[in-house]
Amino acid sequence: MAVCLQPRSFFYYNSVTVIHNMDAGARVALRGLISCSKLDRYHGFLFLLHNNIWLLTRSLQLTCFQAYKLRVTHLHQLKQHSILVSVGQDEHGINPLVKVWNLDKRDSGNPLCTRIFPAIPGNKPTEVSCLGVHENLNFMAIGFTDGSVVLTKGDITRDRHSKTLTLHEGTSPVTGLAFRQVAKVTHLFVATLEKVHCYTLSIKEYPKVELDTHGCALRCSSLADPSQDSQFIVAGDECVYLYQPDERGPCFAFDGTKLLAHWHRGYLFLLINDAKSPNKTAFGSRESTSSDKQLLTIYDLDNKFIAYSASFDDVIDVVAEWGSFYILTRDGKMFVLQEKDTQTKLEMLFKKNLFVMAINLAKSQHLDSDGLSEIFRQYGDHLYLKGDHDGAIQQYIRTIGKLEPSYVIRKFLDAQRIHNLTAYLQALHRQSLANADHTTLLLNCYTKLKDSSKLEEFIKSSESEVHFDVEIAIKVLRQASYHSHAVFLAEKHMHHEWYLKIQLEDLKNYQEGLRYIGRLPFEQAESNMKRYGKTLMHHVPEGTTLLLKGLCTNYQSSGDTAEKDSQERSRINKANSEEFIPIFANNPRELKAFLEHMIEVDPRSPQGVYDTLLELRLQDWAHEQHPERKKILQGEAVSLLRSDTTVFDKALVLCQMHSFKEGVLYLYEKGKLYQQIMHYHMQNEEYGKVVEACKRYGDQEGCLWEQALGYFARKEEDCKAYISEVLHHIDQNNLMPPLLVVQTLAHNSTATLSVIKDYLINKLQRESQQIEDDERKIRQYREETAHLRAEIQELKTSAKIFQKTKCNMCNSPLELPSVHFLCSHSFHQHCFESYAESEAECPTCTPENRKVMDMLRAQDQKRDLHDHFNRQLRSSNDGFSVVADYFGRGVFNKLTLVTDPPGSKAVGSLEFNLSRRTLTNIKA
């Protein structure tokens, strides 16, 4: 079916006459002009005249060379090579020759002819009607008036590498030839006056397809460019047909007898006989008009309009070169059609509001995206002013990425146009060019329209790439109370905090929130439990406690997003249980269960776990009224105190706060605070416990008996039995001086002399016995001293007679040589040398003498130390600290003293004197 183009015309070309009159030689019958081409070196038109080939440069300079002796009939210049193929005659008669010229090489100033061969198929004398050459120089086709087509295959520039065959035979003259190359497939279109055929040259058999039974006149066929899929164009008298290699394509109805058809840069040029044209010429020709007018029309088949149309007088040919179209007439004139620039064309269309055509024109001219976007914007503005908001928004959508979105958004903020704004914002998000404000606006549009289906489609899209800011979308949906949509979006894109915030704060779905946390990876589960743990514990205490137990032991996520590989499974994820204790602030029962579970699973739990559990057990013990249950709770608390993880200070404070007696006493004993144990019993007035504590710990700390005596002495009650028991132990172990005991008991108004009578009697008896022993020793020492002095005097005044007959060492009879000492001990010389440590000392008396000497030296040292101690004790304000210091240095160790010689003043017991002085200073 033929497509009729509307008679809508746009003058896309400016016409200029470039040659008014050619010279006399060139004006003689320009009928032979066949073809022209752009040459890399010559840059001019090639046309033929008689036997010469002429070149017209851009500066309108003519040059020529003789190609044939008689005449040139056909020319074909290749576009990609400087190769020219010509057909002409060197002799009279029908004997056409084909010559191949290399325009880059010269021979005597003329182009080099590389090949000459006859064009007649076989021996048939027939004339050449048309010529076609493939751009790869491997195919050349020559059509003849008898309907035959000769194909030359191989390198057409050389005789050796090519062969010629008759490809087509018929009865109707061949009017058009065109090679079509797509990928590796080569086709040859053959047009005659009656039919159109297509040959596939890439197949060895050259299969033929008859495309149509309508042909065309000479020069009324052409090959379109790739924009039209390289279709073969045939211009008949009624229509213009387009052909594919295997079928006929679309056709366009154009009335009139076609004289020429040409395709260039997306335009179809048709030269038609214009019998009805008015008596005026195109381009303002000043010459008289001819009755035979020719109408040149330029069609844009893609956009369906006429780009140019004008009448000319006797047109010879229309050629394209230097970006323009040249029209050569037989009267020696040449006209140039200069195409207007794209912007000028677009402005013409804009003025007529033909925006669709402007868009198609811009695309065909390969206008950049910025230019196209501007056209879409103007088209959108036009439709918006007309009130076609739906159409306008579609054009604005095509400007996304180039036009600022705020330009469009401001136009459609009105509530009545909110659906258009929604469409634009959707497209903006699909192209991932939306910001947070655009997402907010789009979601608000959905909520205003109450279009839940569109909203769900937007947020529940299955596309892998998200075209919006998810966090902003969640905020807007939450604010608009679309909680289910917000929850879906948060869960899908793993915005865990938002999911939990909506579930717990808005939907109050605590069970679902707890389940979701249990599916999270360890780090996120830990952080969210710290944040929402108190809320969940308040509403779902059992489930929350169970989750915390797992989180603090060996957490394994139950969700699909958890790592399932063995390495991740082998890693132990364990949170610090102490950090979750505040979550159980109002749930002591769950806290106790949690802590007991932790110390059972992990005995090395943090110290805070043990401290908190101890406090809970003590609280339960303090509030329990049932005796048996209270005893069980007491055992649990004590067992926790006995563990190695208990911190003494904290545990002691807790036990004291809850008046947990067993725990306090245990901790005092564990810390060796024996005085604190006794003070604890004293505060509770447990007299028997006080005495028992003294008995139990008195050996480790002797001052307990003294403190117990002072305690009972201050009591106004009748404590005679306890005082007597304490005094008995003090007396037995000699822990206090009697004077201090008396002074201590003097503060008790109920204590009588009968309480300490037995103590004093025993003490005095022992003191008397001690005095008698000391006096006896004094007498003994004096007698021994006198005896020794007498011996010394005797030795000084008279000779010593040694009458020993036996050796004191071996008890054998003495034999000379022998050794005798003044102490009356005698030894064999060999015995003496064997046992004596010194030649001047008697081996038998040496141990005793050495002991005495050591005692004397120690006595001298202690005497000096005692003097210093006495001075320091008198000058110090704290005599007790001085005594304690000297106790540590061993000053008060008991020593046996040697008495002075007779006549000197006897020295009493050092211990007694020191004790008396110490007591005096302490009292002071």
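Trainee: Which residue caps the N-terminal end of α7?
Mentor: Asn-435 does, with a side-chain oxygen 3.1 Å from the backbone nitrogen of Asp-437. The model is predicted, with local features requiring pLDDT of at least 70 and side-chain atom pairs pLDDT 80 or more, whereas totals for chains, interfaces and linings use all residues. Residues are numbered from 1 along each chain as its sequence is written, and side-chain values use heavy atoms, leaving out hydrogens and water.

Trainee: What span should α7 have, and what do its end C-alpha atoms show?
Mentor: Helix α7 has 14 residues (436–449) and should span 20 Å at 1.5 Å a residue; the end C-alpha atoms are 20 Å apart, which agrees. The expected span is 1.5 Å times one less than the number of residues. Helices are DSSP runs of H or I with at least four residues, strands are runs of E with at least two, and both are numbered from the N terminus.

Trainee: Which residues of α7 are buried?
Mentor: His-438, Thr-439, Leu-442, Leu-443, Cys-445, Tyr-446 and Thr-447 are buried. Buried means under 20% relative accessible area, exposed over 50%, and partly exposed in between, with a 1.4 Å probe and protein chains only.

Trainee: And what follows α7?
Mentor: Lys-450 does, and its phi is positive, near 55°. Most residues other than glycine have a negative phi, and most peptide bonds are trans.

Trainee: Where is Tyr-206, and is it buried or exposed?
Mentor: Tyr-206 sits in the loop between β16 (196–200) and β17 (208–212). Its phi is also positive, near 55°, and the residue is buried, with a relative accessible area of 14%. Asp-229 has a positive phi near 60°; it occupies the loop between β18 (221–223) and β19 (232–235) and is partly exposed at 39% relative accessibility.

Trainee: Where is the cis peptide bond?
Mentor: The cis bond joins Leu-816 and Pro-817, with omega about -5°. Pro-817 belongs to the loop between α26 (753–797) and β29 (818–820).

Trainee: Changing topic, which residues touch the most other members of the largest nonpolar core?
Mentor: In that core of 149 residues, they are Tyr-396, Tyr-424, Leu-548, Leu-551, Leu-709 and Phe-712. A nonpolar core is a set of buried Ala, Val, Leu, Ile, Met, Phe, Trp, Tyr and Cys residues joined through side-chain atoms within 4.5 Å. A second, separate core has 29 residues, including Cys-220 and Phe-254.

Trainee: What does Leu-548 touch?
Mentor: Leaving aside residues up to four places away in sequence, Leu-548 touches Met-529, Met-537, Phe-580, Ile-583, Phe-584 and Phe-594. Contact means heavy atoms within 4.5 Å.

Trainee: Which side chain forms a polar contact with that of Ser-826?
Mentor: The side chain of His-820 does, at 2.6 Å. A polar contact is a pair of N or O atoms within 3.5 Å; within protein, one must be able to donate a hydrogen and the other to accept it, and residues adjacent in sequence count only if both atoms are side-chain atoms. Ser-826 lies in strand β30 (826–828) and is buried, at 0% relative accessibility.

Trainee: How many disulfides does the structure hold?
Mentor: The structure holds zero disulfides, a disulfide being a pair of cysteine sulfur atoms within 2.5 Å. For Cys-810, the nearest cysteine sulfur is that of Cys-807, 3.7 Å away. Cys-810 is partly exposed, at 33% relative accessible area, while Cys-655 is buried at 0%.
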